[in-house]
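Dear colleague,

Please find below the structure that I am handing over to you.

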Amino acid sequence: MNYNAGSIIKAYSKRARLENDSESERSLRVEIPRHFLHNAINAGDIVLDAGGGAGINAAYMAKQCKAVYLMDITPSILNYANKNTKSIDNIHLVRGNIVDLMFPNESFDLAVCLGDPVSYVLDMRFQAFDELIRVIKPRGHLFVGCNSKYGYIQNELSQNNVKEALNIYRTGTTRCVMGPETHLYTVQEVTDILKKRNCRIIRTGSTSSFTLKDDSVSTDEWEALKEMEMTLYGQPEWLGGKHLFFLAQKTEA
Ligand SMILES: C[S@@+](CC[C@H](N)C(=O)[O-])C[C@H]1O[C@@H](n2cnc3c(N)ncnc32)[C@H](O)[C@@H]1O
């Protein structure tokens with residue numbers, strides 16, 4: 001299936017408030033990537049947050065670096081980002097698409113692309129990776145998240161949805177909760193994409209607790225669960241989570 005930007009913009013426009021709420025609430029879905037980010041950012045960094053959503057990650061990163069450029073494709077999501085970040089001087093908002101970035105080569109120390117834009121762009125995913133890597137400085141970092149093929153298969157099998165599990169196995173795509181088609185990656189596919197583009201993988205991880213909210217467990221359990229997942233997310237056995245993360249470094253100009 002071919003990438004259709006309009007269907008993604010429509011889906012995110014409909015759920016802009018939900019997206020804002022889900023980024024703002026306490027969940028492992030947002031906390032685990034922030035743990036990655038915390039370790040990846042340096043004080044002098046200029047950061048691109050591509051598909052940056054309602055800006056909660058950008059606000060988090062802006063405290064730890066020189067400047068954050070939050071780019072997103074959906075106007076109503078950018079309205080939320082504007083509200084959430086307007087008092088923060090070192091965040092700049094721009095509208096754009098990861099398949100065609102408006103930034104010059106080697107503009108950023110770190111490019112972040114979380115919450116699956118590289119999955120939504122389907123057949124244009126190679127161009128999206130080209131672009132994200134083009135705008136990073138030599139020795140700069142890329143932190144990218146995407147949907148996991150094997151994680152989705154495990155999830156379908158755990159609900160006895162054998163037909164969909166086999167469909168995902170054959171096609172490597174499925175419909176995400178919002179409706180549009182999404183490309184599901186294997187660790188091997190992302191590894192090959194990054195290596196071909198002169199990037200060295202520093203860390204791979206996954207999270208399976210996408211829907212777990214803090215109100216479903218006690219505070220003690222929450223802290224214990226978070227600590228457990230932060231220890232386990234990079235272990236090979238744990239890579240059944242529905243989301244994969246890759247921290248990589250660009251090795252040459
Ligand atoms: C699930 S949200 C993630 C937001 C944030 N990065 C996070 O991890 O919390 C995905 C965001 O990506 C944006 N998006 C989807 N496809 C995109 C594309 N091709 N280029 C730029 N943004 C895109 C959507 O509008 C949405 O705001």
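In which sense do strand S5 (residues 136-147) and strand S9 (residues 243-250) pair, and over how many bridges? In this predicted model, S5 and S9 pair in the antiparallel sense, and 7 bridges link them. One of the residue pairs involved is Cys146 with Leu244, the latter being its bridge partner in S9.

The sheet

Both strands belong to an open sheet of 7 strands, whose order is S3-S2-S1-S4-S5-S9-S8. The pairing within this sheet is mixed. Its edges are formed by strand S3 (91-95) and strand S8 (199-207), each of which pairs on one side only. From one strand to the next, the twist averages 15°.

Helix H3 (residues 28-40) lies across four of these strands, namely strand S4 (108-113), S5, S8 and S9. Relative to S5, H3 runs at about 170°.

Helix packing

The axes of H3 and helix H11 (residues 219-232) cross at roughly 50° and come within 11 Å. The two helices are therefore oblique to each other, and H3 passes H11 in a right-handed crossing. On the H3 side the contact is made by Leu28, Glu31, Ile32 and His35, and on the H11 side by Lys226, Glu229 and Met230. Sorted by class, these residues comprise 3 nonpolar, 1 polar and 3 charged.

Helix H8 (residues 149-158) and helix H9 (residues 162-171) pack with their axes 8 Å apart, at an angle of about 165°. Because of that angle, H8 is roughly antiparallel to H9. The crossing in which H8 passes H9 is left-handed. From H8, the residues Lys149, Tyr152, Ile153, Glu156 and Leu157 meet Val162, Glu164, Ala165, Ile168 and Tyr169 of H9. This contact consists of 7 nonpolar and 3 charged residues, with no polar ones.

The remaining pair is H2 with helix H5 (residues 75-85), which pack at an angle of about 40° with their axes 9 Å apart. The angle makes H2 oblique to H5, and their crossing is right-handed. Ala16, Glu19 and Asn20 of H2 make the contact with Ser76, Ile77 and Tyr80 of H5. By class, the contact of H2 with H5 has 3 nonpolar, 2 polar and 1 charged residues.

The ligand shell

Which residues are closest to the ligand, and how many surround it? The ligand is surrounded by 23 residues, and the closest are Gly51, Gly53, Thr74, Leu114 and Gly115. Helix H1 (5-14), helix H2 (16-24) and helix H6 (117-120) each supply at least two residues of this shell. In terms of class, the shell divides into 12 nonpolar, 7 polar and 4 charged residues.

With kind regards

Conventions
Residues numbered from 1 in each chain as written. Predicted model: local features only at pLDDT ≥ 70, side-chain atom pairs only at ≥ 80, totals over all residues. Near = placed C-beta within 6 Å. Helix = DSSP H or I, 4+ residues; strand = E, 2+ residues; numbered from the N terminus. Nonpolar A, V, L, I, M, F, W, Y, C, P; charged D, E, K, R; others polar. Axes fitted to C-alpha atoms, helices over the stretch in contact; angles between N-to-C directions. Parallel < 35°, antiparallel > 145°, perpendicular 65-115°, else oblique. Left-handed = near helix turned anticlockwise from the far one by under 90°. Contact = placed C-beta atoms within 7 Å. Pairing = 2+ DSSP bridges.
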